[in-house]
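Open the model in your viewer and keep the selection panel at hand. The tour begins at the ligand and then moves out to the whole chain.

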Amino acid sequence: MDGCIFCKIVTGEAPAIVVYEDDLVLAFLDIRPIVAGHTLVIPKTHSATLDHLDPDLAADVFRVGHLLARALRRSELGSDGANLLINDGRAAFQTVHHTHLHVVPRKHRDIVQFGIGFVTRRPRGREQVAAHIREGIQRLNAEDAQ
Ligand code: 5GP
Ligand code: ZN
């Protein structure tokens with residue numbers, strides 16, 4: 001859709017650090033991460049809110065969120081869990097109006113770090129973080145293939 005930053009990322013008109021891609025779904029690092037590894041999963045087809053998102057595509061988005069949450073646990077980022085979240089609509093503080101699933105890695109007792117990150121939202125070592133996530137996906141795929 002014209003003027004949608006996430007559609008521009010899908011077409012390559014806008015930059016993003018992509019960690020996962022298939023025919024239907026794209027996942028890339030959030031530009032203002034709460035913590036290292038904060039990733040956004042989007043359907044490649046534009047839909048502003050869940051109200052307009054095809055249910056099968058919603059399942060595909062969650063499939064990739066699930067993959068990332070598992071991959072993060074296996075990555076050098078060393079997550080112990082993750083928050084998966086969709087802000088659906090302005091009422092829910094959605095600011096980019098192309099549906100997206102946040103995947104935010106969490107560690108045991110990270111509440112202070114999480115709180116600081118929630119305020120500062122400063123990216124650090126983005127390419128390295130992305131490499132860790134991609135490696136986590138490879139580890140997961142190898143494990144699942146056994
Ligand atoms: P929302 O509040 O809509 O759920 O969150 C939108 C998210 O998109 C925010 O976390 C914000 O940092 C992220 N974001 C906004 N613009 C861009 C962009 O151009 N590139 C990337 N990678 N993330 C973006
Ligand atoms: Zn869009």
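Select ligand 1 and show its surroundings in this predicted model: 17 residues surround the ligand.

Next, colour the shell by residue type. Nine of its residues are nonpolar, five are polar and three are charged.

- Select Thr95: a polar atom of its backbone lies 2.7 Å from an oxygen atom of ligand 1.
- Select His100: here the side chain takes part, with an N or O atom 2.7 Å from an oxygen atom of ligand 1.
- Select Ile31: a polar backbone atom of this residue is 3.2 Å from a nitrogen atom of ligand 1.

Switch to a surface view. Ligand 1 taken alone exposes 520 Å², and 86% of that area is buried by the protein. Hide the ligand and look at the space it leaves: that space is the largest pocket.

Which helix gives the most to the shell around ligand 1? Bring the ligand back, switch to cartoon and select H1, residues 5-11. H1 supplies three residues, the highest contribution to the shell. Then select strand S2, residues 25-29, which supplies at least two shell residues.

Clear the selection and view the entire protein. Four helices and five strands make up its secondary structure. Trace them along the sequence and the order reads α-β-β-β-α-β-β-α-α.

Finally, zoom out. Along the principal axes, the C-alpha atoms fill a box of roughly 40 × 40 × 25 Å. The radius of gyration is 15 Å, which agrees with the value near 15 Å that a compact globule of 146 residues would have.

Definitions and conventions: Residues are numbered from 1 along each chain as its sequence is written. Chains are lettered from A and ligands numbered from 1 in the order in which they are written. This is a predicted model: local features need pLDDT of at least 70, side-chain atom pairs count only at pLDDT 80 or more; totals for chains, interfaces and linings use all residues. Side-chain values use heavy atoms; hydrogens and water are left out. A residue is near a molecule or strand if one of its heavy atoms lies within 4 Å of it. A polar contact is a pair of N or O atoms within 3.5 Å; within protein, one must be able to donate a hydrogen and the other to accept it, and residues adjacent in sequence count only if both atoms are side-chain atoms. Accessible areas come from the Shrake-Rupley method with a 1.4 Å probe; for residues, only the protein chains shown count as cover. On a 1 Å grid over the protein atoms alone, a cavity is a set of points where a 1.4 Å probe fits but cannot get out, and a pocket is an open set with protein on both sides within 12 Å along at least five of seven lines; lining residues have an atom within 4 Å of a point. A molecule sits in a cavity or pocket if more than half of its atoms lie within 2 Å of its grid points. Ala, Val, Leu, Ile, Met, Phe, Trp, Tyr, Cys and Pro count as nonpolar, Asp, Glu, Lys and Arg as charged, and the others, Gly among them, as polar. The radius of gyration is taken over C-alpha atoms; the globule rule is 2.2 Å times the number of residues to the power 0.38.
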